[in-house]
4 protein chains.
Amino acid sequence: MPRPIPGAECKSVYILRARFCDTDLMGIVHHAKYLEYFEASRVEYMHRRGVSYLEWTERGIHLPVVELAIRYRKSVRFDERIAVETSITEIGRATIKFEYRLHRDAPEGELVAEGSTLLACVGNDLAPKRLPDDVADLLCRPETHPRPLDRA
Amino acid sequence: MPRPIPGAECKSVYILRARFCDTDLMGIVHHAKYLEYFEASRVEYMHRRGVSYLEWTERGIHLPVVELAIRYRKSVRFDERIAVETSITEIGRATIKFEYRLHRDAPEGELVAEGSTLLACVGNDLAPKRLPDDVADLLCRPETHPRPLDRA
Amino acid sequence: MPRPIPGAECKSVYILRARFCDTDLMGIVHHAKYLEYFEASRVEYMHRRGVSYLEWTERGIHLPVVELAIRYRKSVRFDERIAVETSITEIGRATIKFEYRLHRDAPEGELVAEGSTLLACVGNDLAPKRLPDDVADLLCRPETHPRPLDRA
Amino acid sequence: MPRPIPGAECKSVYILRARFCDTDLMGIVHHAKYLEYFEASRVEYMHRRGVSYLEWTERGIHLPVVELAIRYRKSVRFDERIAVETSITEIGRATIKFEYRLHRDAPEGELVAEGSTLLACVGNDLAPKRLPDDVADLLCRPETHPRPLDRA
């Protein structure tokens, strides 16, 4: 079965707040924490499509990160709200590419960072396996369980 | 000025969701992460009272944890919702005691952990100082900026 | 079989260095990181007795933390060396109590924090189980694989 | 003053051990933790050249990460030793590029990941500034304070 081509519907925005423990002695959010923001946003992306990543992991479908890149443009401080725009831009045989744009406070806010992660589909044995068709299809759906953006 | 006696109004409930990166190889949330949940809940406790902890830190008022205790009763798994009931139970000359009860999914859910942290008031030089009266008073207010509980 | 009574030989000292990412905007090591130091020290305590905690986890023996307490006495800064003195003080039917004393730079240095963790023995299903006798015995041995203290 | 051209002497190997808290429910080291390994290795790279990054931060010289890329090749498990080969490959007016190769157990071991970080020189105000010449020179020195590789 051919892979769906991700389109504009493959995008969600998740709002989170920088925690105190996310900061370092420079007084800004530590660069490693952005990966936690990306990850939480991917999980939320799935929730918005009625998908539970937890169920997939229990079904033996894991999606570890195999490549990532980030460009940090502006620093983020404790307690700032960050809008993480999360998109799927490519779905391959056994991989999914997510892209992220982090904006200060709201989706219209200042761009503070952007990045991407390539995820590979693996089983419980961590060996690569084909991304199941139903998983690929669910990921390319528009949001069916949207959420208000004024959270966090 | 005598310290306010914390009462039933010194309580807030914050709902958060266990992140994937919060888990360890046992498949459950790592015990150190509960401290991040406590901390995020303290910050939210302050937001609900119109208080910004960030402003206090910029004013040279810091509240580091000087003692803590936790009792873990049940494990928590990835993506579970946790309701953190956060209360102030004592305010001293230069200290504040917070207590926490973590319930699965909602405030009425199963008790999964409970704990406490004693915070000391210090300045930018990290030397102890008297907790300012306005800070003590704000912390003992009832919620003035409540939030719906169906978040996360 | 009765439990061994932990004695003076149930102590090891592990030296580690505070990482940049361990700090927060106060410029000091974040209080949650001490739990990572405790944990790394427990693992090292086992290595010094020829024990691999990894093998135990693969054998279905897990030792999650069920209670913990910490008293923070002095702050720790980035790149400081910390000597973690780790002792077993009690071994019960299904529990082990570890105590920790953190000293600045070396075992003779300033006491910066002290704490304890109670670990429970559980199986892969996370249900409590009796701590196997060989595990209890290995934990109460003196160091058989000591290491120089000038590391980190 | 022209920048030094980094050569073969701009390389150090740091050995660390994957901590229990570094793992996630897949049973492997979480991808965000690699950034902590990179960072600890940069700090060690500096120690080997008699440089204290802490002193630089106190002098108002900070080196935040502004770009990063990682390619994860193999998973790493709890308690595995990782040899992080850390090199400086470019020094610009206000930037330094570090590259990393992580090998399992020892520098000759299996390549498990590789990555790079671009650091920018900024002051206490987080505004970009020229990398001081003495800093650039120190970073391009060969190791003057080497350490045995059998640590961790």
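**Note on the predicted four-chain model: strands, sheet and chain contacts**

1. In chain C, strand S3 is joined by nine bridges to strand S4 (residues 95-104), and these two strands run antiparallel; helices (H or I, at least four residues) and strands (E, at least two) are DSSP runs numbered from the N terminus, and two strands pair if DSSP finds at least two bridges between them. Across this pairing, Ser87(C) has Glu99(C) in S4(C) as its bridge partner. S3(C) and S4(C) form a hairpin, with three residues between them.

2. The model is predicted, so that local features need pLDDT of at least 70 and side-chain atom pairs count only at pLDDT 80 or more, whereas totals for chains, interfaces and linings use all residues. Residues are numbered from 1 along each chain as its sequence is written, while chains are lettered from A and ligands numbered from 1 in the order in which they are written.

3. S3 of chain C, residues 81-91, also pairs with strand S1 (residues 11-17) of chain C, antiparallel and through seven bridges. Within this pairing, Arg17(C) has Arg81(C) in S3(C) as its bridge partner.

4. Chains A and D share an open sheet of 10 strands, whose order is S1(A)-S3(A)-S4(A)-S5(A)-S2(A)-S2(D)-S5(D)-S4(D)-S3(D)-S1(D), with antiparallel pairing. Strand S1 (11-17) of chain A and strand S1 (11-17) of chain D stand at the edges, each with a single partner strand, so one side of each is left without a neighbour in the sheet. On average, and with direction ignored, neighbouring strands of this sheet are turned by 20 degrees against each other; axes are lines fitted to C-alpha atoms, for helices over the stretch in contact, and angles run from 0 to 180 degrees between N-to-C directions.

5. Helix H1 (residues 33-47) of chain A packs on the sheet and touches S1, S2, S3, strand S4 (95-104) and strand S5 (111-120) of chain A, its direction making about 130 degrees with that of S1(A). In chain D, H1(D) packs on the sheet and touches S1, S2, strand S3 (81-91), S4 and S5 of that chain, with a direction at about 130 degrees to that of S1(D).

6. The contact between chains D and A takes 19 residues from each of the two chains. On the side of chain D that touches chain A, helix H1 (33-47) and strand S2 (65-72) of chain D are the elements that give two or more residues, and S2(D) supplies the largest share, eight residues. The residues of this side divide into 12 nonpolar, four polar and three charged, where Ala, Val, Leu, Ile, Met, Phe, Trp, Tyr, Cys and Pro count as nonpolar, Asp, Glu, Lys and Arg as charged, and the others, Gly among them, as polar.

7. The same surface serves both copies, as 100% of the contact residues of chain C recur in chain A. Here nine residues of chain C are in contact with nine residues of chain A, and the side of chain C that touches chain A divides into five nonpolar residues, three polar and one charged.

8. One backbone feature deserves a check. Asp79(A), which is not a glycine, has a positive phi of about 80 degrees, and this residue is found in the loop between S2 and strand S3 (81-91) of chain A. Asp79(A) counts as partly exposed because it has 19 C-beta neighbours inside 10 Å; a residue is buried if 20 or more other C-beta atoms, placed from the backbone, lie within 10 Å of its own, exposed if 12 or fewer, and partly exposed in between.

How values were computed: Contact = placed C-beta atoms within 7 Å.
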